[in-house]
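Let's take a walk through a protein together. Have a look at the sequence and the 3D view, and then we'll go through it piece by piece.

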Amino acid sequence: MPAAEPRRAHVKSGIDADSARKHRAESKVELRKAKKDDVLQKRRNLHVTEETQEELVLPATAADISTLAARVLEYVALGAPESHTEQCLQMVRQLRKLLSLERVAPIDEVVGAGLIPAFISLLGHSSEVMAFEAAWCVTNVASGSAIQCQAVVDAGSVPPLINLLGADSMDVKEQAVWALGNIAGDRPAYRNMILRQCGVTPLLQMIDAAAQAGQINPMRNATWVLSNLMRGKPGPERELIEPAIPSIVRLLDIDDEELLADACWALSYLTDTNNDSISMVVAAGAISPLMRRLGCGIEKVTTPAMRALCNVLTGSDEDTQAVIDAGFLQAVPYALQSTRVRTRKEGCWALSNVAAGTAAQVEALMSTDGLVRLVLERLGLDEFEVKKEALYVAANVLHVFQASPTVHNASRATVLVNNGLIAPLLAMLDVNDSAVIK
């Protein structure tokens with residue numbers, strides 16, 4: 001089967017290749033929409049220190065912001081005179097505290113006061129403390145709506161933020177990378193802009209430096225930004241993100257839940273683009289560590305690990321085999337018995353793509369102890385969206401017999417019938433879904 005051919009191009013009589021592709025594409029779109037419940041595209045820095053806790057509970061008034069804005073804008077207009085730097089720093093810090101309020105952050109007021117160009121100017125200040133505070137302000141404005149993020153980008157924030165990735169202070173680097181992550185997560189066009197201007201090398205260098213220093217927070221933030229740089233449709237340009245894949249795979253060996261979750265999401269986004277990207281991830285050795293994390297029992301990690309592995313199963317026969325060889329068929333029962341409807345659906349969807357593979361792959365599915373029974377239980381007892389994917393598993397297995405009516409292939413149909421296929425199959429004929437009835 002050619003690498004570019006969708007795995008459900010050969011399903012069963014009554015469904016042509018175009019219909020099969022449409023169904024699989026719709027399934028992946030539904031799963032992508034569901035991702036919004038699992039991971040945030042943007043993150044606001046809400047860190048509160050003990051010395052600022054009391055100040056942060058006070059809401060900002062329009063007069064407060066106007067007064068602060070006037071002083072900061074005057075300082076920038078005067079060319080940032082050193083004699084007024086400390087006073088301006090206090091103003092910027094107060095604005096940062098207001099933008100860090102969890103429920104009532106005055107982002108619109110700050111944008112309306114014309115402060116974004118001033119913050120961006122201060123990113124290049126000789127004082128790293130000033131640059132840090134300004135970057136924090138930019139981070140939290142960019143975490144807002146698409147319009148608020150656009151204001152940050154249109155003001156020219158990306159180049160100076162990239163420059164800060166070369167700062168001596170890890171705190172400054174981390175805040176700059178956080179801001180870039182929020183911008184990249186807003187839309188693919190911004191993601192591409194960042195990739196084309198700086199690539200992934202500064203992020204990889206930051207991860208290495210933080211690892212050597214034993215600093216987990218910068219590693220977490222840089223990994224999250226990498227995941228946003230892999231995210232979105234159409235996918236990023238291969239040559240821009242390929243250098244990051246070995247590093248992401250190595251991150252799967254670090255026992256930190258937040259970092260692992262974002263590393264797995266990065267691979268799931270990448271494998272959700274095209275077969276070339278899937279093969280690139282497989283070639284980087286990602287399958288075995290993803291399988292290990294699939295069994296870790298931590299939902300925030302297992303969810304994206306499962307998503308990445310399911311995506312790989314939609315690739316070429318060789319990539320599908322890599323997942324099977326790593327023990328996926330022995331591990332997937334956890335998904336079929338999950339309390340989450342979406343996870344059970346993904347488990348069945350994954351197996352339907354195995355069932356659309358080579359004869360050896362279909363045989364591996366059929367011979368895995370208890371797997372057929374679990375799939376047919378889902379077909380009989382689950383929500384409709386899960387039943388529909390379970391039905392595709394059975395349909396693809398039966399199609400093998402239609403394509404090659406041998407005694408051995410007939411025995412597979414017998415196994416399905418003996419495990420209870422007929423009753424739920426007849427029940428599915430009553431649903432109001434033309435694709436299912438086909």
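**A walk through the fold**

Contact here means heavy atoms within 4.5 Å. What you're looking at is a predicted model, where local features need pLDDT of at least 70, side-chain atom pairs count only at pLDDT 80 or more, and totals for chains, interfaces and linings use all residues. Residues are numbered from 1 along each chain as its sequence is written, and side-chain values use heavy atoms, with hydrogens and water left out.

The secondary structure comes to 29 helices and zero strands. These are DSSP runs, numbered from the N terminus: helices are H or I with at least four residues, strands are E with at least two. Of the 438 residues in the chain, 54% count as buried. Buried means under 20% relative accessible area, exposed means over 50%, and partly exposed is in between, using a 1.4 Å probe and protein chains only.

Now zoom in on helix α8, residues 146-154. Which of its residues are buried? They are Gln 148, Cys 149, Val 152 and Val 153. Looking down the axis of α8, these buried residues fall within an arc of 140 degrees, so they line one face of the helix. (The arc is that of the directions from the helix axis to the C-beta atoms.) Ile 147 and Asp 154, on the other side of α8, are exposed. What do the buried residues of α8 pack against? Their partners are α5 (107-112), α6 (115-122), α7 (128-142), α10 (170-184) and α11 (188-198). After α8 comes Gly 156, with a positive phi near 90 degrees.

Two of those partners, α10 and α11, also meet each other. Their axes come within 7 Å and cross at roughly 140 degrees. That makes α10 oblique to α11. Axes are lines fitted to C-alpha atoms, for helices over the stretch in contact, and angles run from 0 to 180 degrees between N-to-C directions. Angles under 35 degrees count as roughly parallel, over 145 as roughly antiparallel, 65 to 115 as roughly perpendicular, and the rest as oblique. At this crossing, Leu 180, Ile 183 and Ala 184 in α10 meet Tyr 190, Arg 191 and Ile 194 in α11.

Further along the chain, you'll find another crossing. Helix α23 (residues 341-355) and helix α24 (residues 359-367) have axes that come within 8 Å and cross at roughly 135 degrees. α23 and α24 are therefore oblique to each other. Here Leu 351, Val 354 and Ala 355 in α23 meet Gln 361, Val 362 and Leu 365 in α24.

Some of these names come back in the largest nonpolar core, which has 135 residues. A nonpolar core is a set of buried Ala, Val, Leu, Ile, Met, Phe, Trp, Tyr and Cys residues joined through side-chain atoms within 4.5 Å. Those with the most contacts inside this core include Ile 183, Leu 351 and Leu 365. Leaving aside neighbours within four places in sequence, Leu 351 is in contact with residues including Leu 329, Leu 365 and Val 393.

Finally, compare two loop residues. Thr 368 sits in the loop between α24 and α25 (371-381), and it is buried, with a relative accessible area of 11%. Gly 79 lies in the loop between α3 (62-77) and α4 (85-99), and at 56% relative accessibility it counts as exposed.
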